[in-house]
Amino acid sequence: MSETDDADALVTSTDPLHPANLIPELCASFYRLGWVTGTGGGICIRTGNKVFIAPSGVQKERIEPSHIFVLPYPQASSPSPHTDRIFLRRPKLNLKESACTPLFWNAFEKRNAGSCIHTHSQNAVMATLLWESDLFEISHQMIKGVRKGGNGPTLSYLDTLRVPIIGNTPNEEDLTDSMAEAMEKHPDAAAILVRRHGIYVWGDDWQKAKTQTECLDYLFEIAVKMKLAGIPTVLNG
C-alpha cells in the first residue's frame with residue numbers, strides 16, 4: 001500500500017459517525033440553516049491525536065469525505081498560513097484547509113475541546129451589532145443548553161450567559177490572538193462572537209458543540225427581538 005493510500009484510509013470509513021463522514025453531513029445541515037452559505041464557516045472534529053478539518057472556500061453543502069484534511073495534534077505551533085503546517089492527509093484536489101484552523105486550535109489548547117464550529121449566522125451577527133460593548137448578555141431558559149467554558153457544568157435558568165465580542169479583521173487567521181485573549185479573560189465563555197462576522201463555538205465533542213451552537217443561535221435570535229422591542233435581556237437580581 002502506498003503512502004497516499006495510507007493517508008486516504010484516514011478519511012475512508014463506512015461508519016456514519018467517522019469524522020470524515022460527519023463533517024460533510026453537518027456542513028450540509030448548517031448550510032440549510034443559513035449558517036455556512038457562500039462557502040463561509042467551518043467545522044473541525046478532534047479524535048485523540050488527529051484533527052479532521054473541512055476545506056476552505058468550497059460549497060459547504062457539497063463537501064465529500066475525500067475533501068477532508070487531517071492534521072496531527074498536538075503540533076509545535078498553531079497551524080496557520082504563517083507557519084510550517086504539518087498534515088497527515090491532504091485532499092487530492094487543489095483545496096486549502098479551513099481558514100479557521102488556527103482559531104480551532106485555540107479551542108483545543110485553551111478548552112481541551114473535541115470539536116469547534118464556526119458559523120456566519122445572521123442572528124449572531126445582529127447580536128454583535130446591537131450589543132456595542134465587548135460582551136453579549138442574556139438570562140433565558142435556553143441557556144441551560146450551554147456549558148460554562150463550553151465543557152463545564154451547564155448554566156441554570158437563574159444564571160446570566162455572557163459571550164465575549166471581539167473585533168473583526170480582514171483575514172480570518174488574524175483573529176487568533178484576540179480570540180485567545182478573550183477566552184483567557186472570560187474562562188466561563190462557551191463561545192466567541194466576532195463583530196460583523198459570526199461566532200466560534202466549541203465543546204467536548206461534536207454533539208456538544210452542535211447543541212451549544214443551536215442553543216446560542218436561538219438565544220441570539222430571541223435577544224435581538226427583545227432588544228428591538230425594548231425588553232431587557234438580563235433578569236433583575
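**Close-up views of salt bridges and a nonpolar surface patch**

A search of the whole structure finds 8 salt bridges, a salt bridge being a side-chain nitrogen of Lys or Arg within 4 Å of a carboxyl oxygen of Asp or Glu. The model is predicted, so local features need pLDDT of at least 70 and side-chain atom pairs count only at pLDDT 80 or more, while totals for chains, interfaces and linings use all residues. Residues are numbered from 1 along each chain as its sequence is written, and side-chain values use heavy atoms, with hydrogens and water left out.

**View A. Salt bridge between lysine 92 and aspartate 8**. The closest N and O atoms of this pair are 2.2 Å apart. Helices (H or I, at least four residues) and strands (E, at least two) are DSSP runs, numbered from the N terminus. Lysine 92 is exposed at 63% relative accessibility, whereas aspartate 8 is buried at 14%. Here buried means under 20% relative accessible area, exposed means over 50%, and partly exposed lies in between (1.4 Å probe, protein chains only).

**View B. Salt bridge between glutamate 214 and lysine 210**. In this pair the closest N and O atoms are 2.7 Å apart. The two residues are 4 residues apart in helix α6, and are therefore separated by about one helical turn. Glutamate 214 is partly exposed, with a relative accessible area of 32%, and lysine 210 also counts as partly exposed, at 22%.

**View C. The network of Asp8, Arg89 and Lys92**. Salt bridges that share partners join these residues into one network.

**View D. Salt bridge between aspartate 205 and lysine 208**. The closest N and O atoms are 3.5 Å apart. Aspartate 205 is partly exposed at 24% relative accessibility, and lysine 208 is partly exposed at 28%.

**View E. Nonpolar surface patch of Tyr157, Leu158 and Leu235**. These residues make a patch of about 340 Å². Patches are made of residues with over 30% relative accessible area and no salt bridge; like charges are joined within 9 Å, and nonpolar side chains (Val, Leu, Ile, Met, Phe, Trp, Tyr) within 5 Å. Accessible areas come from the Shrake-Rupley method with a 1.4 Å probe, and for residues only the protein chains shown count as cover. Leucine 235 is found in the segment after α6 (206–228) and is partly exposed, with a relative accessible area of 44%.
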